[in-house]
Amino acid sequence: MDTSAIKVQENRLRKDLLDLAKYGETPGGGLMRPALSDADMEARLWFQERMRQAGLRVREDAAANIIGRLDPTDSTGASKDAPCIAIGSHIDAVPNGGRFDGALGICGGLEAVRAIRESGIPIPVPIELLVLTDEEGAHFAGTFGSRAMFNLLIEDEINRSKGPERPSMALSLQKIGKNPALIREAVRSPSEFRAFLEMHIEQGPVLESMGVPVGIVEGIVCISRYFIHVAGKAGHAGTTPMRLRDDALVKAARIITSVNDAMVAAGPDIVGTIGELNVYPGAFNIIPGGVQMTLEIRSMEESAIQKSAAAVQEIVGSVANARLEPILSKGGVFMDPAIMDAIELSCRERGTPCHRMVSGAGHDAMTFPPLGVPTGMIFIPCVEGRSHCPEEDIRWEDAAAGVQILADTVMRIAQNK
Ligand code: GLV
Ligand code: MN
Ligand code: MN
């Protein structure tokens, strides 16, 4: 298929990304834009307007996913209700995160749609642009929007949070005027999707070190998430002798170092991280009475994760009043071979070097393959491999090259060639 008439505009993409980065910006150049926070809500409104300006019909579902739809061109005779090719990513950010994680996928998706429309090439399938809610897990376990879309939420998930002072998704949905009891209205059939494509920064150093602007994702690691709960005895920090204490944080510290040692011993193809700690009640002068920590383990090999989880269970079980609570396991998926080939062909025709690789980061694209939706991901390099931090940066020419490949690939899949 000849895609040469599709011309992605780097300036337009850059302006969108820089405009979006103003929502939730911090003085250090990072972002505070957790899902459904005030900054996120402002960003979402701004982006919906940009979607409308690009000719998309925009709606929001019961899970606060933003769905923009472009009908097929009349002359193709294609049905408006035919399965769509969806492009999606997220607008929320990790705490003090960077400007491009998720943002590149939605702004890139928007630019791809604009460039496809402007090319005048008839579009033979509906195209959707999806902004999926709380990919980063500000409320609970992440990839909320894409899992809600396919009825994959775990039991009572919307009422749970990451600690007493953290909002549940139900509370946040209420705050923005949605009824959490209606969350199932967000559910769609996988058969509505002919393909799902996500473009993202690599979030690691591989592409930059190779000097290659486009990564073709072959698979996404399996991510297993847990809480570790540690109970101690709260008491006065001045009057209780050291030998008579049951300090939950001290016990948690032992668990943290032991889990880290176990993960190092597990080998180079698996990682484990305790990334969030809540100490209760949390004061100078109170012996910690409780700790809740998050743990995640990632590997392409699910059996390796199970082995490490068993080691963690042993560590946690050896500490008095500590408990490991599995939350969910997601990912461990492979991208569609035909879509990978379509991306590679698009790269070849544009003369854009590319490299096939596995993603150690999680993405909404993990949700689709187990449902039988052919899925593909395009990476571009990030400067020094940095991500999930304010230093996260890209080169604009790589971003434009990646979006060009995205747009070409969408049309290639649409034409089935
Ligand atoms: C998403 O950023 C993840 O890998 O957790
Ligand atoms: Mn992220
Ligand atoms: Mn992301």
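**Before you start.** The model is predicted: local features need pLDDT of at least 70, side-chain atom pairs count only at pLDDT 80 or more, and totals for chains, interfaces and linings use all residues. Residues are numbered from 1 along each chain as its sequence is written, chains are lettered from A and ligands numbered from 1 in the order written, and side-chain values use heavy atoms, with hydrogens and water left out.

**Stop 1: ligand 3.** Select this manganese ion. Its protein donors are His 90 (NE2), Asp 101 (OD) and His 200 (NE2), at 2.0 to 2.2 Å. Donors are N, O and S atoms within 2.8 Å of the metal (3.2 Å for Na, K and Ca); water is not among the atoms, so sites may look incomplete. Along the chain the spacing reads H-x10-D-x98-H. Now find Asp 101 in the loop between strand E3 (84-89) and helix H3 (103-119), and His 200 in strand E5 (residues 193-201); the two are 99 residues apart. Helices (H or I, at least four residues) and strands (E, at least two) are DSSP runs, numbered from the N terminus. Asp 101 and His 200 are both buried. Buried means under 20% relative accessible area, exposed over 50%, partly exposed in between (1.4 Å probe, protein chains only).

**Stop 2: the bridge.** Keep Asp 101 selected. Asp 101 coordinates both ligand 3 and ligand 2, manganese ions 3.5 Å apart.

Stop 3: Glu 136 sits in the loop between strand E4 (127-131) and helix H4 (144-149). His 388 lies in the loop between strand E13 (375-380) and helix H10 (396-414), 252 residues from Glu 136. Color by accessibility: Glu 136 is buried at 17%, whereas His 388 is partly exposed at 41%.
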